[in-house]
Amino acid sequence: MVFFPLAPEVLSKIDLDSTLYSGQSFRWRSTEQGHCGVLGDDVLRINLIGGGVDLQSAPSDPEYVFPRLASYLRLDDDLTAIQNEIDVDSRIHWAIDSYRGLRLLRQDPWECLVAFICSATSNIPRISRTMEAIAGAYGSPIDFGSERRYTFPGPERLIDVSERAFRELGMGFRARYLVSAVEMVHQKFDLMRMREYSYEETYPLLLQFPGVGEKIADCTMLFSLEKLRAFPIDRWVHRAISEWYPEVSSFSYRDLQNWAFDYFGSYAGYAQMYLFHARRTLGHINASAFAK
DNA sequence: TCCTCTCCTTGCTT
DNA sequence: AAAGCAAGGAGAG
């Protein structure tokens with residue numbers, strides 16, 4: 001265990017409970033010893049304490065892992081500035097103010113794409129279970145104290161896996177989508193390179209994947225490909241919009257995307273996170289309650 | 001081009 | 001306990 005100090009203004013903007021378990025990432029587990037997850041080839045256990053973070057990791061040392069964790073948590077984002085930029089009305093203000101430490105994550109694009117292919121008409125506990133099943137079946141084991149976790153398998157490890165085998169892991173109708181995604185990424189799609197592409201360039205590439213429509217493309221871009229203007233609209237965000245922004249509630253998906261970019265700006269994706277989390281955890285609040 | 005409807009799996013919740 | 005619901009997408013009409 002190694003302690004890494006963090007500046008108070010950074011620390012006050014990190015809420016691991018809302019960040020790690022809010023439906024952007026699916027392989028963190030909350031234990032009595034801390035938050036346990038897998039980053040690349042390493043298992044991590046992290047605890048936020050006064051003044052910084054305690055980090056355990058294996059097989060790599062915490063000194064090597066910490067910069068990766070910092071990148072994963074997007075500590076390079078100036079969250080205060082971003083929150084100020086998207087804080088354009090009393091409704092989003094209330095959502096932001098409820099979760100000042102809720103952050104976007106910078107995830108691995110492949111794992112993120114697979115997770116959101118799994119997410120179609122599913123729910124967070126089940127997505128977690130499926131992702132863990134894929135890792136358990138095809139990843140590499142890493143022993144960490146008394147527990148064993150698994151790396152998430154890259155496409156090269158899944159290239160010979162059948163649709164039937166994926167179905168047996170509980171993927172349902174999404175199994176054939178994963179078979180296609182494995183082939184496409186293995187053969188020609190360089191997901192990591194899409195980090196350098198623009199939002200407009202990346203969108204049509206992701207839409208070529210069977211089982212990936214606008215929403216899942218937006219999730220992949222926002223959570224792993226550095227497209228912070230991406231504004232995924234799922235049932236919860238749609239609910240939040242229809243209740244809190246009735247003036248645009250009848251817009252199509254594409255029109256809502258454009259509206260969100262115009263309205264919230266280039267960090268619209270952060271606004272989406274706050275709206276999603278607020279609507280999901282705090283429930284319906286009538287727009288009149290925002291009168292300030 | 002764009003909307004609407006149905007189907008696709010499964011497990012957790014009420 | 002049967003029905004509803006869950007970070008949707010594809011295809012038909």
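Me: A residue is near a strand if one of its heavy atoms lies within 4 Å of it. What does that give for DNA strand C?

Reply: It gives 26 residues around DNA strand C, and the closest are Gly23, Ser122, Gly213, Trp236 and Gln272. This is a predicted model, where local features need pLDDT of at least 70 and side-chain atom pairs count only at pLDDT 80 or more, while totals for chains, interfaces and linings use all residues. Residues are numbered from 1 along each chain as its sequence is written, chains are lettered from A and ligands numbered from 1 in the order in which they are written, and side-chain values use heavy atoms, with hydrogens and water left out.

Me: What makes the Gly211 approach to DNA strand C a polar contact?

Reply: A polar contact is a pair of N or O atoms within 3.5 Å. A polar backbone atom of Gly211 sits 3.0 Å from a phosphate oxygen of DNA strand C, so the pair counts.

Me: Which helix gives the most to the surface near DNA strand C?

Reply: That's α12, with 4 residues; helices here are DSSP runs of H or I with at least four residues, numbered from the N terminus. α12, α13 and α15 each supply at least two residues of this surface.

Me: How do you know that the length of α14 fits a helix?

Reply: The expected span is 1.5 Å times one less than the number of residues. The 12 residues of α14 (residues 253-264) should therefore span 16 Å, and the end C-alpha atoms are 16 Å apart, which agrees.

Me: Which residues of α14 are called buried, and where do they sit around the axis?

Reply: Buried means under 20% relative accessible area, with a 1.4 Å probe and protein chains only. In α14 that covers Tyr253, Leu256, Gln257, Trp259, Ala260 and Phe264. They span an arc of only 165 degrees around the axis, so they are on the same side of α14; the arc is taken from the directions from the helix axis to the C-beta atoms.

Conventions:
Buried < 20%, exposed > 50% of the residue type's maximum accessible area, 1.4 Å probe, protein only. Polar contact = N/O pair within 3.5 Å; in protein donor to acceptor, adjacent residues only side chain to side chain.
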